[in-house]
Amino acid sequence: MTLRVALLAAECEPWAKTGGLADVVDALARALGRLPEAGDGLAAPVDVLLPRYRSVPVPADAELEPPLLVPDPAGRGAITAHIVNVAAAGYRLRLVDVPEAFDRDAFYDHPDDPWRFALFCRVALAALKRDGTPLDVLHVHDWHTGPALIERARGEAAGDPFFADMAVLLTIHNLAYHGWVPNEALGELGLRREEPLAGDNPAGIDLLLTAIERSELANTVSPGFAAEALTPAFGMGLDPALRAKGGRFFGVLNGIDPDIWDPSTDPVLAARYSRSAPSGKADCRADLLTRVGFDPADEGIVLGMIGRMDPQKGFDLLADGAADLLAAGTRIVVQGSGHASLADPFRAMAAANPGRVALIERFDRDMARRIYAGADVFLMPSRFEPCGQGQMIALRFGTPPVVRRTGGLADSVIDADEHPGEGTGFVFDEATPAALVAAVARAADLRADDVEWTALRDRAMSVDFRWDTGSAPRYLEAYRRAVALRRAGVG
Ligand code: GLC
C-alpha cells in the first residue's frame with residue numbers, strides 16, 4: 001500500500017521560521033521524499049501545508065489553485081481561501097492563503113490566534129480533500145494544528161469517509177504552548193461548551209490536549225524528553241494525558257541536515273574545514289573574534305550561545321554565571337532574539353566588558369554559522385529541551401557543546417569526563433550558574449591538553465544525526481502504525 005502523507009505546521013524553513021520547528025518540518029519532509037520507499041510505499045513528494053504569512057516569499061512560478069470556499073469556523077459566513085503550491089526542495093509546499101488571518105506582521109500572539117489556526121486547519125483539510133485522493137496520514141505539529149482533530153471529528157460524524165480513513169500523528173515540539181481557548185472564545189472554533197468535542201475542562205479547551213487525546217499516535221522529539229514529559233515536573237499539566245496514551249506516546253530524536261550544516265562547504269565561513277582537514281577552524285575562530293571586537297590572538301576559551309531568548313533556554317544561567325566565567329578568562333558571544341528583557345543583562349555586560357562579551361541581538365543566520373564554527377565551546381544550558389538543534393550543529397562544526405542533562409540534550413551529547421575516549425562534549429545536571437561555570441571549567445581543563453581536545457573535536461564531528469538513516473524511517477514506521485490503529489478503531 002502506498003501511503004499518502006501531509007504535514008501541517010505553523011512553520012517551515014526557509015519560508016517561515018521562529019524556531020526549531022521550522023527546520024524539522026522542512027528537513028523531515030525532504031528526507032521522507034528521499035526514502036527508498038518514496039514513490040513506492042510512500043507517495044512522494046509529500047505535502048507540507050503552511051499559512052501564507054505576510055513575510056513568506058512566494059516564487060513567481062508558484063501554482064495557484066482555484067479558490068476554495070470554506071465556512072468560517074466562527075460561523076460568520078463563508079471565507080474564500082487560496083492554495084498556492086510551490087515546488088520546494090524535495091516536497092510540495094502548499095501555502096494556505098487567507099489574508100484576513102495571515103497577512104499580518106507577526107506569525108503569532110494575535111488575540112484571534114485560535115480562530116486563525118482553526119481556519120488554517122479547515123482550509124488545509126478542504127484542500128487535501130479536494131485533491132481527490134484519500135489521505136492516509138495527517139502529521140500535525142504543536143498546538144496550532146490541534147484544530148485539525150476537531151475538524152476530523154466533525155467530518156467523521158458527518159459520515160465523510162475522507163476524514164474517517166485519515167490517521168493522525170501529532171508531534172510535540174513545544175509542550176509549553178497549549179493553545180488555550182477559554183469558554184468565552186469557544187465560538188471562534190465553532191464549539192459550544194456543552195458539546196463533547198469541546199472536551200471536559202469546564203473553563204475552556206486546550207488545543208494541544210485535544211490533539212494528544214484524539215490522535216492515534218503522539219510523539220515528542222527525543223526519547224529523553226518523552227520520558228520526562230510523563231512527569232509532573234516536565235509535563236506542563238499534560239503529563240496525565242501523555243501517560244494515558246501509554247505506548248502510543250514515544251520519542252523520536254530529531255536529525256539535522258548534514259548538507260545544510262556543513263563546515264566543509266559553508267560559503268559564509270572565513271575558511272572551510274572538515275574532519276580530515278580541520279585546520280580551517282582556527283581561521284573561523286579568528287574571523288569571529290575580529291567581527292565581534294575580541295582579540296583573535298588571545299588563546300583563552302570563547303563560549304558561544306545562540307537561541308531564542310526564552311526562559312526555556314537558560315540565558316539567565318549564563319548571565320548569572322558570567323562574572324565567574326569572565327574572572328576565569330572566558331569570553332562570551334551570545335546571539336538571541338525574542339524576549340528583550342532576557343537580553344538586558346548581556347547588553348549591560350557587553351557595554352561594561354568590551355572585547356570580552358558580545359551580544360548579537362537578532363536572528364542572523366550567517367552570524368550563527370560563524371559562531372558555531374568560531375567558538376571554542378557551544379553552550380546550551382536549557383531548563384528543558386524537547387530536542388534542541390544547536391548542540392547537534394555545534395557537534396557537526398567540531399565545537400564541543402556544554403549542555404544540561406535534560407531531554408534531547410542528554411540524548412545527543414556524551415560527557416567527555418564521564419566517558420573518556422567516547423565523549424563529545426560536557427554535560428551538567430543542576431540548572432544553576434555554578435553548575436554551568438563548573439562545566440565550562442572542565443571544558444577549559446581538557447582544552448589545555450591539545451591531543452585530548454583534538455580527539456574530542458574529531459569525535460564531535462563524527463556524530464551522525466542525518467534524518468535519512470535515522471529518524472525519517474522511524475516516522476514512516478509511525479505513519480504505518482497510525483494507519484493500522486485508525487483501521488482498528490483505536491484513537
Ligand atoms: C522546539 C523545542 C526544541 C526542538 C524543536 C524542534 O523548539 O523547544 O527542543 O528541537 O522544537 O523539534
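A residue counts as buried when its relative accessible area is under 20%. Keep that cut-off in mind while touring this predicted model.

**Aromatic rings**

With 0% relative accessibility, phenylalanine 102 is therefore buried. Phenylalanine 120, also at 0% relative accessibility, counts as buried too. Across the whole structure, a search finds 15 aromatic pairs. One of them joins phenylalanine 102 and phenylalanine 120 in an edge-to-face arrangement. This pair links distant parts of the chain, 18 residues apart: phenylalanine 102 sits in helix 2 (residues 99–102) and phenylalanine 120 in helix 3 (residues 113–130). Tryptophan 467 and tyrosine 475 form a tilted pair, and both of these residues are buried. Here are the two pairs side by side:

| Ring pair | Centre to centre | Angle between planes | Arrangement |
|---|---|---|---|
| Phenylalanine 102 – phenylalanine 120 | 6.3 Å | 85° | edge-to-face |
| Tryptophan 467 – tyrosine 475 | 6.5 Å | 40° | tilted |

Ring pairs also build a cluster from Tyr53, Phe102, Phe107, Tyr108, Phe117, Phe120 and Trp143.

The domain assignment divides the chain into domain 1 (5–255 + 469–487) and domain 2 (280–462). Taken over C-alpha atoms, their centres are 34 Å apart. Domain 1 brings 22 residues to the contact, and domain 2 brings 16 residues. Together the two domains bury about 1,300 Å², with carbon and sulfur atoms giving 56% of that area.

What polar links join the domains? Between domain 1 and domain 2 there are eight residue pairs in polar contact, and the count of salt bridges is one. On the domain 1 side that touches domain 2, helix 7 (residues 223–228) supplies the largest share, four residues.

Methods. Residues numbered from 1 in each chain as written. Predicted model: local features only at pLDDT ≥ 70, side-chain atom pairs only at ≥ 80, totals over all residues. Heavy atoms only, no water. Phe/Tyr/Trp six-rings, centres within 6.5 Å; stacked < 30°, edge-to-face > 60°. Helix = DSSP H or I, 4+ residues; strand = E, 2+ residues; numbered from the N terminus. Buried < 20%, exposed > 50% of the residue type's maximum accessible area, 1.4 Å probe, protein only. Domains from an automatic or database assignment. Contact = heavy atoms within 4.5 Å. Buried area = accessible area lost by both parts, 1.4 Å probe. Salt bridge = Lys/Arg side-chain N within 4 Å of Asp/Glu carboxyl O. Polar contact = N/O pair within 3.5 Å; in protein donor to acceptor, adjacent residues only side chain to side chain.
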